[in-house]
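Hello, and thanks for passing this one along.

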Amino acid sequence: MASLKDQLSGLVYSTESGKHCPECSQPLAECVCEQLAEQSRLATLDGIVRIRREVAGRKGKGVTTVNGIPLAEAELKQLAKKIKQRCGTGGSVKDGIVEIQGDQRELIKSILEAEGFKVKLAGG
């Protein structure tokens, strides 16, 4: 871990190139931090999509979470949109995890298997 002085002394703005990324100190137009993070996320996946129902921390409201989908962020958002339309509910994509409102496990499983993914129902 870098010292506090090192953390606070990085270049954040330049009159020549504008804002800079705090991670790599490159101009935002040339920053590759997001691409590297996306590649590392995809590298850790095992190819199995896991579907789970969660209620913890959601005030009793059930949410179906889908994680482990080996797609890039833009493609993942498109797939999430397709799933939400087929289920007729809302949802979102957060940190590579698709969240769909309600208990939609069986329907989502059939949708993903039709897309060619290997799917497992996880949790209770």
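1. Let me start with a question: does Arg50 count as buried, partly exposed or exposed? Its relative accessibility is 29%, so Arg50 counts as partly exposed. Please keep in mind throughout that this is a predicted model.

2. Arg50 has a charged partner. Its side chain meets that of Asp46 in a salt bridge, at 3.2 Å from N to O. Asp46 counts as exposed, with 51% relative accessibility. In general terms, side chains of opposite charge can pair when their charged atoms come close.

3. How many salt bridges does a search of the whole structure find? The count is five. Among them is the pair Arg52 and Glu54, at 3.9 Å from N to O. Arg52 is partly exposed at 30% relative accessibility, and Glu54 is also partly exposed, at 26%.

4. Another salt bridge joins the side chains of Lys94 and Glu99, with 3.8 Å from N to O. Lys94 is partly exposed, with a relative accessible area of 48%, whereas Glu99 is buried, at 14%. Glu99 lies in strand 6. Beyond its neighbours within four places in sequence, the contacts of Glu99 include Arg58, Val63, Thr64, Gly91 and Lys94.

5. Strand 5 and strand 6 run antiparallel and are joined by four bridges; Val93 has Val98 in strand 6 as its bridge partner.

6. Helix 4 deserves a look of its own. Its residues Arg105, Ile108, Ile111 and Leu112 are buried. They cover an arc of only 130 degrees around the axis, so they sit on the same side of helix 4. The cover over these buried residues includes strand 3 (48-54), strand 4 (63-67), helix 3 (73-87), strand 6 and strand 7 (118-121). On the face turned away from the buried side are the exposed residues Glu106 and Ala114.

7. Both ends of helix 4 have something to show. In the loop between strand 6 (97-101) and helix 4 (105-115) you will find Gln104. Gln104 is buried, with a relative accessible area of 17%, and touches Thr64, Cys87 and Thr89, leaving out residues up to four places away in sequence. Just after helix 4, Gly116 takes a positive phi of about 100 degrees.

8. Finally, the cysteines: how many disulfides are there? The count comes to zero. For Cys31, the closest cysteine sulfur is that of Cys21, at 3.5 Å, which is too far for a bond because a disulfide needs the two sulfur atoms within 2.5 Å. The sulfur of Cys33 is 3.6 Å from its closest cysteine sulfur, in Cys31, and this is again too far for a bond. Cys31 is partly exposed, with a relative accessible area of 22%, and Cys33 is partly exposed at 22% relative accessibility.

Note on methods. Residues numbered from 1 in each chain as written. Predicted model: local features only at pLDDT ≥ 70, side-chain atom pairs only at ≥ 80, totals over all residues. Heavy atoms only, no water. Buried < 20%, exposed > 50% of the residue type's maximum accessible area, 1.4 Å probe, protein only. Helix = DSSP H or I, 4+ residues; strand = E, 2+ residues; numbered from the N terminus. Contact = heavy atoms within 4.5 Å. Arc of directions from axis to C-beta. Pairing = 2+ DSSP bridges. Salt bridge = Lys/Arg side-chain N within 4 Å of Asp/Glu carboxyl O.
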